[in-house]
Amino acid sequence: MKLRVQYRGKELDLEFEENKVKAKDLLKAMNLSREYAFVVVNGEVVEEDFYIREGDQVRVINAISGGQG
Amino acid sequence: MKRCAKCSQKAVVYLPHHRLALCKGHYLEWFERRVERTIKEFRMFSREDRVLVAVSGGKDSLSLWHALHKLGYQADGLYINLGIGEYSKLSEEKAKKFAQGLGRNLHVIRLKDLVEDIPTLKEMEKRPACSVCGNLKRYYMNKSAKELGFSVIATGHNLDDESATLMGNVLSWNLGYLQRQYPVLKEGNGFVKKVKPLCFITEKESALYALLSNIDFVEEECPYSVDASSIEHKLLLSQIEEKSPGTKLRFYLEFLRKVQPLLRREEKLELKPCSICGEPTSADVCSVCRLKQRLTLSEKGQGS
């Protein structure tokens with residue numbers, strides 16, 4: 001299945017072999033850790049085992065920021 | 001499905017290092033209580049103080065400002081426009097929109113008007129852009145707070161920032177920086193009191209608070225911070241944290257509890273007013289005035 005993901009002000013198109021993927025698989029595919037990233041589906045923060053389906057509005061938040069404060 | 005530890009409704013947030021699952025309402029309450037407790041524990045400020053929040057438009061500073069406002073503190077914002085193209089334009093827009101929604105003042109200053117923008121300074125200076133930028137932000141935060149009559153500056157530094165900075169300072173045993181790494185830097189010697197009320201909140205907790213409070217924050221990263229060593233340190237610490245939840249908090253807390261008191265006994269930094277601008281410095285001329293002198297020389301060099 002295909003997913004369009006909002007990530008840091010951009011839209012990414014990702015493709016998966018399965019027709020539903022867990023939130024944690026999406027983070028893994030984006031090389032992100034649950035320690036600092038999470039998935040928002042249709043406006044709701046979801047658990048790692050939540051299944052995302054084609055057509056869902058998906059946003060991934062990566063909380064890591066760098067530089068000096 | 002995890003249930004909220006307070007009300008048994010569906011949990012939206014799980015905090016492994018606290019072994020705590022919470023629903024939206026109880027998470028927001030937990031976050032604000034944790035901020036309030038940190039403010040009180042370190043005697044950061046009271047409701048009588050005028051607090052200036054250093055606002056970047058990102059999740060940490062906006063979450064901090066939002067939480068302080070909800071907790072009843074008198075907090076206004078200071079936005080420093082760094083002149084980094086679209087990134088600065090977007091950050092300023094979001095900071096202004098947020099201030100409007102909150103009904104509080106946002107003071108805006110521009111580095112371009114005061115010294116020079118970061119892209120120009122990056123080309124001129126040998127130091128990393130983050131070092132120049134941090135130096136200038138600290139200088140103008142202090143100067144602006146004094147000029148605007150604020151008694152406290154609050155920054156959005158979170159637990160990940162503090163533990164990554166600690167790691168960097170320990171790796172090079174930078175005792176001077178370790179001495180000054182504390183949630184409160186007292187006023188005096190020309191400095192306004194500086195505090196970090198989010199120092200026990202992780203970056204993810206701060207992003208979750210922003211999202212669940214419907215705060216529109218800048219998600220884009222500063223283009224100059226991509227290779228920052230602080231990000232490397234954060235990624236390393238997150239790998240340890242994943243295997244052993246609570247490591248980051250313990251690393252920072254135990255530093256504050258066991259090491260900081262020993263280091264602070266040794267602190268003997270003598271400060272005096274800069275002979276040009278009057279801001280506090282350990283040299284005759286402060287680092288920002290020296291930077292301005294180099295900038296003038298560089299411009300003259302280009303002109304000749």
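Which residue stands opposite A:V39 in strand 7 of chain A? In strand 7 of chain A, A:V60 stands opposite A:V39. This is a predicted model, in which local features need pLDDT of at least 70 and side-chain atom pairs count only at pLDDT 80 or more, while totals for chains, interfaces and linings use all residues. Residues are numbered from 1 along each chain as its sequence is written, and chains are lettered from A and ligands numbered from 1 in the order in which they are written. Helices (H or I, at least four residues) and strands (E, at least two) are DSSP runs, numbered from the N terminus, and two strands pair if DSSP finds at least two bridges between them.

**The sheet of chain A**

- Five strands of chain A form an open sheet with mixed pairing, in the order 2-1-7-4-5, and its edge strands, each pairing on one side only, are strand 2 (10-15) and strand 5 (44-45) of chain A.
- Strand 4 (residues 37-41) of chain A runs antiparallel to strand 7 of chain A, and five bridges join them.
- Strand 1 (residues 2-7) of chain A pairs with strand 7 (residues 58-62) of chain A in the parallel sense over three bridges, and here A:Y7 stands opposite A:V60.
- Strand 1 of chain A also pairs with strand 2 of chain A, in the antiparallel sense and over six bridges, with A:K2 opposite A:E15 in strand 2 of chain A.
- Strand 1 and strand 2 of chain A form a hairpin with two residues between them, and A:R8 in the turn has a positive phi of about 45°.

**The sheet of chain B and the helices on it**

- An open sheet of six strands in chain B has the order 5-4-3-6-8-7 and mixed pairing, with strand 5 (106-110) and strand 7 (184-185) of chain B as the edge strands, each of which pairs on one side only.
- Strand 6 (residues 152-154) and strand 8 (residues 193-195) of chain B run parallel and are joined by three bridges, with B:V152 opposite B:K193 in strand 8 of chain B.
- Helix 2 (residues 59-70) of chain B packs on this sheet, touching strand 3 (50-55), strand 4 (74-81) and strand 6 of chain B, and its direction makes about 155° with that of strand 3 of chain B.
- Helix 3 (residues 85-102) of chain B also packs on the sheet, where it touches strand 3, strand 4 and strand 5 of chain B, and its direction makes about 165° with that of strand 4 of chain B.
- For these angles, axes are lines fitted to C-alpha atoms, for helices over the stretch in contact, and angles run from 0 to 180 degrees between N-to-C directions; residues are in contact if their C-beta atoms, placed from the backbone, lie within 7 Å.

**Helix pairs in chain B**

- Two packed helices are described by the angle between their axes and the distance between the axes.
- The axes of helix 7 (residues 159-171) and helix 11 (residues 247-265) of chain B come within 9 Å and cross at roughly 65°; the two helices are therefore roughly perpendicular to each other (angles under 35 degrees count as roughly parallel, over 145 as roughly antiparallel, 65 to 115 as roughly perpendicular and the rest as oblique).
- The crossing of helix 7 and helix 11 of chain B is left-handed, a term used if the near helix is turned anticlockwise from the far one by less than a right angle, with right-handed used if clockwise.
- In this contact, B:L159, B:D160, B:E162, B:S163 and B:L166 of helix 7 meet B:K248, B:L249, B:F251, B:Y252 and B:F255 of helix 11.
- Helix 2 and helix 9 of chain B pack at an angle of about 60°, with their axes 9 Å apart, and their crossing is left-handed.
- B:K59, B:D60, B:L62 and B:S63 of helix 2 make this contact with B:S206, B:A207, B:Y209 and B:A210 of helix 9.

- The domain assignment, which is automatic or from a database, gives domain 1 (32-218 + 227-268) and domain 2 (270-304) of chain B.
- The C-alpha centres of domain 1 and domain 2 of chain B lie 25 Å apart, and the contact takes eleven residues from each of the two domains.
- On the side of domain 1 of chain B that touches domain 2, helix 6 of chain B gives the most, with five residues.
- The contact between the chains takes 30 residues from chain B and 17 residues from chain A, and helix 6 (129-148), helix 9 (203-212) and helix 10 (229-243) of chain B each supply at least two residues of the side of chain B.
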